[in-house]
Amino acid sequence: MNRIVGSHDILLVTLDTLRYDVAAELAAAGRIPNLARHLPGGRWEKRHAPGSFTYASHQAIFAGFLPTPAEPGRHPRLFAADFAGSETTADGTFVYDTPDLVSGLAKAGYRTACVGGVGFFNKQGALGSVLPGLFEESHWEPEFGVTSPTSFESQVTRAEEIAARTAPEQPLFLFVNVSALHQPNWFHLPGASKEDGDSRATHAAALEYVDRHIGRLFTAMSRRRLCLALVCSDHGTAYGDDGWTGHRIGHASVWTVPYAHFLLDQEAAR
């Protein structure tokens, strides 16, 4: 990361509420081709979320605690605050002396921008202003939110605008919280109705919807310079698994999430 920070743009995308099993199944079945072509080996990495719901998980992520590889071991982190006794800070870790990664990157010269999605980014109250308040600029509109059937394409349009107007000489840290996977998502499955409700099938259809538009986001971020992309879920959600529904619970469907990071270059802009 010490070779990346300063020379590359950084894109962090959280696919809010995306389950690992659904993400892995769709990648294996060829149903998310635009994401899969960037995933190392065409597969998601299985990881454990740092929190069981959006606010907790993003507070951890913005402190440098990305989802942890789902296997035993001491896993070095990409980013970490300067903290005595940290056992996951390694030689390659970008270490910052600010309270969070966002301000750490700003101190390193980055413009920091947030395109919000779910309610914790809507800036409509004190709680919904905490996370977006970490960034130099933050954006949220009702059409970015969970009830909008066109949320992600609207978010991508705003992200394209941010990338286009950021000075070419200044590196950009762009964060996008994708709301489309979050409930309600029934409207992403053709033929489904509100009465049918949400399910693993509608969750999968929402991921296919995101895949249809994410290429635009990758293109916008690769036109400027080399870009490190980090794409992951902040937590999963249960659809009746073992009797559980929703998240903010300790079920495997919530704690197990997909993760990937990769470089975007000019090939991604074609």
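Mentor: A crossing of two helices is left-handed if the near helix is turned anticlockwise from the far one by less than a right angle, and right-handed if clockwise. Helices (H or I, at least four residues) and strands (E, at least two) are DSSP runs, numbered from the N terminus.

Trainee: What should I know about the model and its numbering?

Mentor: This is a predicted model: local features need pLDDT of at least 70, side-chain atom pairs count only at pLDDT 80 or more, and totals for chains, interfaces and linings use all residues. Residues are numbered from 1 along each chain as its sequence is written, and side-chain values use heavy atoms, with hydrogens and water left out.

Trainee: Ok. At what angle do α1 and α7 pack?

Mentor: About 60°, with the axes of α1 (residues 20-28) and α7 (residues 200-222) 10 Å apart. Axes are lines fitted to C-alpha atoms, for helices over the stretch in contact, and angles run from 0 to 180 degrees between N-to-C directions.

Trainee: What does that make α1 relative to α7?

Mentor: That angle makes α1 oblique to α7. Angles under 35 degrees count as roughly parallel, over 145 as roughly antiparallel, 65 to 115 as roughly perpendicular and the rest as oblique.

Trainee: And is the crossing of α1 and α7 left-handed or right-handed?

Mentor: Right-handed. On the α1 side, the contact (heavy atoms within 4.5 Å) includes Val22 and Leu26, and on the α7 side Ala204 and Leu207 are among the residues involved.

Trainee: How does α6 pack with α7?

Mentor: Helix α6 (residues 151-165) packs with α7 at an angle of about 0°, and their axes are 9 Å apart. The two helices are therefore roughly parallel to each other.

Trainee: New topic. How many aromatic pairs are there?

Mentor: The structure holds 10. Rings of Phe, Tyr and Trp (its six-membered ring) pair if their centres lie within 6.5 Å; planes under 30 degrees apart count as stacked, over 60 as edge-to-face and the rest as tilted. One of the pairs is Phe62 with Phe135, which is edge-to-face at 5.5 Å centre to centre and 80° between the planes. Phe62 and Phe135 are 73 residues apart, and the pair links distant parts of the chain.

Trainee: Which peptide bond is cis?

Mentor: The bond from Gln183 to Pro184, with omega near -5°. Pro184 sits in the loop between β8 (172-178) and α7.

Trainee: Where is Thr17?

Mentor: In the loop between β1 (9-15) and α1. Phi of Thr17 is near 80°, a positive value in a residue other than glycine.
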